[in-house]
Amino acid sequence: MDYRILRIALDTPLDSEFDYRWIVSDKNAALPQPGQFVLVPFGRREIVGCILSIHDSTDVPSDKLRDVIAVRSQLSPLSTTWIALCRFAADYYQRPIGEVVLPACPKNLRALKTTALDKALKKTALQLPDASAQAPPKPHLNQEQQFAVETLTASQEFSTSLLFGVTGSGKTEVYLHAAERILKQAAEQAMPAQILILVPEINLTPQLEQNVRTRFPHVIVATLHSQLAEGERTQQWLLAHQGQAAIVLGTRLAVLASLPHLKFIVIDEEHDPSYKQQEGLRYSARDLAIWRAHQLNIPIVLGSATPSIESWQAAAVGRYKKLELKQRAASNAVLPKVGVIDMERNKAQQGLTAPLIEAIRSRLEKEEQSLLFLNRRGYAPVIHCDACGWISQCRRCTAFMVFHKPDRKLRCHHCSAEQRIPSACPTCGNTDLQPLGRGTQRVEEQLQELFPQARILRIDADSTRKKGSAQAAFDAVHRGDVDILLGTQMVAKGHDFQRLTLVGVINPDTALFSQDYRASERLFAQLMQVAGRAGRAAKTETGNESVVLIQTRYPTHPLYQAVLKHDYPGFALATLSDRQSAGLPPFAYQALLRAEAKELKLAIEFLENAKNLLAHEQISFNDPVPLTVMRVAGLERAQLLLESQSRAQLQSFLKTWMQSLRALKSRVRWTLEVDPLDI
Ligand code: ADP
Ligand code: ZN
Ligand code: ZN
């Protein structure tokens, strides 16, 4: 009997590679190929997997070896290059390959029935680009932009470029021009080409999607992000996989899309933390994209006004090419003036200081928009009782329950537990419970009192729960139906508000003293980004200059001083020198083992064991410590941080260490994260 052994990736816990047998019944029939999906028996179930490789023999004893049920030959196979990318991701992040390969593909490919897949295949087969469509005129690039485009497209070989350009400097134009040129070059050589553009959050960058679609009306643009319905996601994925889409725009998950003709990658806002997946395969889409570009020997560009410290360092040592856009691109648009308001001298009432209130008033008089940024949603982070000291603590977490006024609830932002506001103190019966601190809802209330005539809009996760509501809210701002926009980091990104001339930052100080060494990098990026919302257009008719006002108790803090001067390089230099003397990334490589258990003691014990399992000269272990928010949803959590000067050493250590950890068969739940972002 003639047969082949198919090594198949399944999305099953722990082990995820299994050998199955394929009996060759008909010599003339096509053999299965790597990258094809197959239906196989697994235990008493049937599941769908993906062929990784094909062999003549296996170590699995023949009485244990089971037969493949069916091959899904309607779908063209994923390439072996793509499988190699998944293999790398699985190895690097220490996860089973099935957990990479299968979740990277739409669910309909893995469904037992192929109805949905067949339908999507039929639909996409009919899609053709509209070759006759005319692209609108595009702006004439300035010299810096021109140089960036030339450099990015000069060679078709691998190189990583860092496009460092202040907000509004026209980075998007650079991506679009480079993309256009690469597609044109390929067309001239009659070669198919695809371009991957990654953005942090599709919701917050609708303008980019719009721009891409209008600028490239004659090609198919596919979009991939987690908010697509399954049918839609399957179609978009197929357009990419079948090579029909010349441009694929997506969030982090798109880095694992099947792109047979990939020629160029763009990572917009490369510093954004949402490129890091925070569960399952905890990958960095930016890092995987660079690996992918290297694998395919194609160019990649990372763009940002506030690059990640890692990327900045890579450019400083020449690993990346640095391309700079120093000025705002639109004619007359200038960077806003940044000032600090010293809160020791200007006492805030309800969170707002007199100079900030004055600045808002002056914008209202001139019919210009103001944006207020406060990175804390809800009404107040906690309520308390003055009489006995009771505070609204979550029962299941080491965190406070946040007061949400519109629905009169207390809500835990860690475990989502909810309860009604108690009418009296649960401990002493006092009916006068007080909110402490302030979130966006409370500031909104204050603004309504101060400016009863103004049209005020709050945008945060609570106000935009309904699908499409964020988009509607941003549209209202663009239309000019809003005088004062108030929100969390959701309002900081991407948007280009033409009538916005004031940005107020309400309470950024807490991040200055965080235990997390990346908190200041994140704060700096956020401030620069939110500041970048102002002064996008030329000076307004009324002559108001765009300003950014930061309320702080620490006006002389170097971080704010750097923001005042729009001095990212200065900030980065200081940060790098701190990191170097503390031996932190990018001067060291880290991995984090997290454990959770009913009792903290058990989690710590497990981590102590883990620490003592295996010694290695070039790996240093910190002590196991509880997480800052130690208990969430009744489970207590701790972590163990490992560091090494050498990425390769850390990688090889992790591999053996993981095997020993699994062999412990501990009942404590644990996860390993490579290159963690939040510590
Ligand atoms: P960034 O992505 O760097 O923040 P954008 O690409 O959004 O900046 O550009 C900011 C604004 O400048 C946009 O309105 C864009 O249309 C405009 N712009 C970009 N390049 C040019 C140019 N060369 N000439 C005129 N306007 C430009
Ligand atoms: Zn009380
Ligand atoms: Zn909770």
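The second largest cavity has a volume of about 30 Å³, and a search of the whole structure finds 2 cavities of 30 Å³ or more. The model is predicted: local features need pLDDT of at least 70, side-chain atom pairs count only at pLDDT 80 or more, and totals for chains, interfaces and linings use all residues. Residues are numbered from 1 along each chain as its sequence is written, chains are lettered from A and ligands numbered from 1 in the order in which they are written, and side-chain values use heavy atoms, with hydrogens and water left out.

**Cavity**
- A cavity is a set of points, on a 1 Å grid over the protein atoms alone, where a 1.4 Å probe fits but cannot get out; lining residues have an atom within 4 Å of a point.
- Grid points are joined across faces, edges and corners, and a volume is the space filled by probe spheres set on the points.
- A104, L224, R233, W237, L253, L256 and A257 line the second largest cavity.
- That lining has 6 nonpolar, no polar and 1 charged residues (Ala, Val, Leu, Ile, Met, Phe, Trp, Tyr, Cys and Pro count as nonpolar, Asp, Glu, Lys and Arg as charged, and the others, Gly among them, as polar).

**Ligand 1**
- Around ligand 1 there are 17 residues, the closest being H140, Q145, G168, K171 and T172 (a heavy atom within 4 Å).
- The shell divides into 5 nonpolar, 8 polar and 4 charged residues.
- Helix α6 (residues 171-188) gives the most to this shell, with 3 residues (helices, H or I, have at least four residues and strands, E, at least two; both are DSSP runs numbered from the N terminus).
- Polar contacts are pairs of N or O atoms within 3.5 Å.
- A nitrogen atom of ligand 1 is 2.8 Å from a polar backbone atom of H140, and an oxygen atom of the ligand is 3.2 Å from a polar backbone atom of S169.
- An oxygen atom of ligand 1 also lies 3.0 Å from an N or O atom in the side chain of T172.
- Taken alone, ligand 1 exposes 560 Å², and the protein buries 73% of that (Shrake-Rupley method, 1.4 Å probe).

**Domains**
- The protein chain is assigned domain 1 (3-104), domain 2 (143-325), domain 3 (337-380 + 437-577) and domain 4 (589-674), with bounds from an automatic or database domain assignment.
- The C-alpha centres of domain 3 and domain 4 lie 39 Å apart.

**Backbone**
- P585 and P586 are joined by a cis peptide bond with omega of about 5 degrees; P586 sits in the loop between α16 (568-582) and β24 (589-597).
- E367, a residue other than glycine, has a positive phi near 60 degrees, and its place is in the loop between α11 (354-365) and β14 (369-373).

Technical notes: Polar contact = N/O pair within 3.5 Å; in protein donor to acceptor, adjacent residues only side chain to side chain. 1 Å grid on protein atoms, 1.4 Å probe; cavity = no way out; pocket = protein on both sides within 12 Å on 5 of 7 lines; lining within 4 Å.
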